Amino acid sequence: MFRRSWRHAAAATAAVLALTSVTACSDDPSDAENRAGAMENYAVGTQFKATEPVSFSILYNNHPNYPLKNDWLFWSELKSRTNVSLEKVAVPLSDYNQKRSLLIGAGDAPLLIPKTYPPDVHAYVSSGAILPVSDHLDLMPNLKDKIEKWNLQPELDTLRQADGKFYLLPGVHEKPWHEYSLAVRTDILDELNLEVPKTWDDVYTMLKAMKAKYPNIYPFSDRYSQPNPAGNLLNLLAVSHGLEGAGWNFQHVSWNAQAQKFEYTGATEQYKQMLQYLNKLVAEKLLDPESFTQTDDLARQKLANSKSFVISGNAQALVNDYRPDLAATNPKAKITKIPLPVGPAGEINPASRLENGMMISSKARDSKNFVAMMQFVDWLWYSDEGQEFARWGVEGTTFVKDAAGKHSLAKDVDMIGLNPGAPKHLQKDFGFANGVFAYGGKPELVQAFFSPEEQEFQQVMNARTPKSPPPPFPLSDEEREQVSLWETPLKDLVYQATLQFVLGQRDLAQWDAYVAELKSKNMDAYLETVNKAYERYREKHN
Amino acid sequence: MVTVDAAERATEVGPRPRRRRGIRQTRGYRVFQVVNAIILTLVVVVTLYPFVNIVARSMSHEAYIIAGQVNLVPRGFTLDTYQLVMSDPLFWTNYRNTVFYTVTATLISIVMTTCYAYVLSKKHLKGRTALIGIAVFTMFFTGGLIPNYVLVTSLGLKNSVWAIALPNAINVFNLLVMKAFFESLPVELEEAAAVDGLNTYGILLRIVLPLSKAIVATMVLFYAVAFWNSWFAAFLYMDQQELWPVTVYLRNLIAGATGAENIGAIAEANEVQAEATLKSVTIVLTTLPILLVYPFVQRYFVRGIMLGAVKG
């Protein structure tokens with residue numbers, strides 16, 4: 001008797017368990033219970049509008065230049081177009097990442113978590129707090145359309161985790177957008193009858209000529225050396241040499257297309273070449289040795305006082321820093337950002353077409369509005385209409401279009417000084433062109449607010465071949481943990497040796513000894529792990 | 001009475017040797033005085049210079065700061081950055097928050113710390129060691145960021161002043177200093193008060209506290225400065241910018257000016273928030289009010305600390 005009832009109980013438990021697991025597995029998004037508010041026939045070109053008023057919580061990165069206002073036209077227009085209202089958890093931009101980690105760790109995260117950069121995602125994947133969005137792309141026709149039309153699949157694959165899924169909806173660009181290069185005093189070029197340098201060798205020739213005329217100064221004194229030495233300069237050189245990145249964009253491994261495997265960036269022949277180049281600049285006193293340690297302010301000071309003529313920068317640094325600095329000390333000075341000098345890798349555009357994007361809380365999956373939310377995200381962040389709305393606002397109110405479809409701001413609306421003296425501001429008074437909602441898109445949209453000279457720069461860069469992304473090598477949790485233990489000592493050694501080689505404290509003849517040191521710090525094991533992960537992924541997905 | 005001896009020695013270093021040992025010592029003493037004056041003047045210069053420099057920078061044009069030409073006097077005098085910061089209504093909202101949070105949190109802290117310290121100063125209290133142990137334990141071990149956050153959130157304190165005031169209400173260091181002070185008060189006073197019919201609360205409120213103005217003033221200053229400067233708790237628990245204190249506001253402003261985040265648009269030339277100037281303005285605006293409190297509490301400040309520390 002007892003035995004039988006025990007068996008019954010066991011059977012019942014098993015049945016219950018089986019049932020639960022069945023429900024748990026039926027992750028089909030077409031479930032009626034999570035379609036509340038969703039549109040039946042949502043597709044590319046459809047204006048998304050929830051069938052009932054819905055509301056989603058969102059982590060809001062509060063930019064001090066346009067602090068959050070609840071009466072922005074953005075919110076009311078969004079509500080009337082999509083029937084969606086957003087509950088903002090306002091976080092100061094200064095410490096956005098920290099609060100994001102805290103909220104996710106505490107299980108208190110809002111449903112939508114925008115402004116997340118791809119590497120930041122790894123930390124959250126194993127916790128299960130973030131939704132694997134790649135499972136739900138079917139709900140996002142606009143994103144799928146863009147992936148196909150702009151051929152974004154290889155880039156998206158780099159986001160995949162060990163389970164083959166990705167957890168981030170990235171901002172996607174049709175064309176890569178490269179920002180940083182060298183800023184050069186063009187009045188000095190004119191004075192010396194020099195052309196704008198095209199290649200790194202031209203840069204050397206130019207510096208040489210500057211030095212000949214002004215022997216008492218270092219013509220090139222660089223910034224961005226904190227926390228890592230010459231963050232930008234090393235990166236520019238590395239990508240021009242066909243590596244994935246160095247300096248402030250330090251990438252441990254670079255893809256070698258010929259050998260079909262990953263190599264350790266700091267041990268490649270290309271890396272040695274670029275160190276040789278820098279060493280030559282330092283040895284001939286063309287590059288200020290302090291470039292690798294000084295603060296940004298000091299580098300700017302040298303430029304402002306004509307103690308140097310060349311410095312790293314992007315469009316903002318040019319307009320916000322260098323020109324005002326020079327205007328105060330030397331009104332005749334002219335400075336411009338030159339197109340990225342070409343290196344052995346040829347004329348490439350090294351920028352990625354992905355930028356920061358959005359994570360979605362996995363608890364969204366249990367919401368009855370889940371489908372509506374995915375459609376909403378797809379519309380606002382990935383549809384042409386949504387992107388135009390987020391960036392330009394409302395036609396007739398904040399912007400106008402001419403016959404050719406070119407956008408321009410309405411007369412009483414200003415942004416980056418396009419309508420000086422206009423009483424209202426696109427970001428501050430209307431909430432458009434907001435970093436939380438506007439990213440990626442077609443070049444026309446992305447570059448809409450660029451100055452003419454920056455548009456010119458982008459044209460030159462876009463004419464170059466986009467660099468193809470390296471193949472994905474998603475690591476498992478254990479591998480990632482192991483690899484991250486190796487990473488810090490390796491990186492420290494590379495930085496240290498880079499400085500020693502460049503500044504001439506160590507002879508480049510000792511390169512092999514340096515590579516041996518890298519090996520003693522587990523470089524080979526690191527590469528093996530990465531290459532194994534690459535092979536594993538390739539076998540599974542080809 | 002070790003302390004009295006020490007104090008006497010300190011005050012009598014000067015005149016006594018002159019009488020006892022004649023001119024040579026006097027000369028030596030004079031040399032000492034001159035050297036002392038020079039050293040102290042140097043200390044004053046060293047500590048004052050950064051301050052004056054910050055004020056000068058806050059009123060200078062950024063170009064001069066970058067060019068490294070601003071020392072004691074503002075160059076290219078401008079109050080634009082002050083205007084920029086102070087014209088934002090949010091700045092004033094947040095400033096009001098700072099004042100409100102500081103006053104509330106300091107009040108709570110001082111009441112809690114006084115009560116706890118007074119209890120701990122009674123040697124006959126049962127479980128006194130355990131109570132001290134509990135307090136000291138928190139100096140070395142914390143629950144960690146996320147557990148704290150979860151606790152405060154589930155207590156429903158988020159987005160209220162309590163999230164700032166309650167979790168940090170008692171600073172253990174301040175508690176121990178205060179306990180030491182209370183222990184130094186003569187027991188006879190309290191016994192006499194008890195004989196005259198005062199209960200425990202009466203003794204605390206009418207006898208002990210009036211005698212403890214020095215230490216209380218010192219503690220108020222410690223707490224007020226700490227709460228005034230703090231931003232982290234508010235950053236963690238406040239989800240609306242209208243609730244932030246001014247520290248978070250200014251921190252964010254600097255982050256925006258350094259331009260780490262931008263959407264590819266170039267800021268207007270006339271709106272370029274001069275980063276270097278902005279930092280100085282921020283420092284001036286946040287430290288000035290609390291600095292003004294110092295002179296008034298100064299005399300208590302020195303005495304209070306000495307009393308608590310020496311006799312403990």
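This is a predicted model: local features need pLDDT of at least 70, side-chain atom pairs count only at pLDDT 80 or more; totals for chains, interfaces and linings use all residues.

Student: What makes strand 5 and strand 9 of chain A a pair, then?

Tutor: Strand 5 (residues 181-185) and strand 9 of chain A are joined over 3 bridges, in the antiparallel sense. The cut-off is at least two bridges, so they count as paired. As for a bridge partner, A:Val184 has A:Thr336 in strand 9 of chain A.

Student: What makes helix 8 of chain A a helix that packs on the sheet?

Tutor: Contact means heavy atoms within 4.5 Å, and helix 8 (residues 200-213) touches strand 5 and strand 8 of chain A. Its direction makes about 30 degrees with that of strand 5 of chain A. Helix 11 (residues 296-304) of chain A packs on the sheet too, touching strand 5, strand 8 and strand 9, with its direction at about 135 degrees to that of strand 8 of chain A.

Student: And why is the sheet called open?

Tutor: Its 3 strands run in the order 8-5-9 in chain A, with antiparallel pairing. Strand 8 (310-313) and strand 9 (335-337) of chain A each have a single partner strand, so one side of each lacks a neighbour in the sheet. From one strand to the next, the twist averages 30 degrees.

Student: Over in chain B, how do you know that residues 28-52 are a "transmembrane region"?

Tutor: That name comes from an unreviewed UniProt entry, which also lists 99-119, 131-150, 203-228 and 280-297 of chain B. In the model, residues 28-52 of chain B are 100% helix, with end C-alpha atoms 35 Å apart. For residues 131-150 of chain B, the values are 80% helix and 26 Å.

Methods. Residues are numbered from 1 along each chain as its sequence is written. Chains are lettered from A and ligands numbered from 1 in the order in which they are written. Side-chain values use heavy atoms; hydrogens and water are left out. UniProt positions are given in the numbering used here, feature names are shortened, and annotations may be inferred rather than shown by experiment. Helices (H or I, at least four residues) and strands (E, at least two) are DSSP runs, numbered from the N terminus. Axes are lines fitted to C-alpha atoms, for helices over the stretch in contact, and angles run from 0 to 180 degrees between N-to-C directions.
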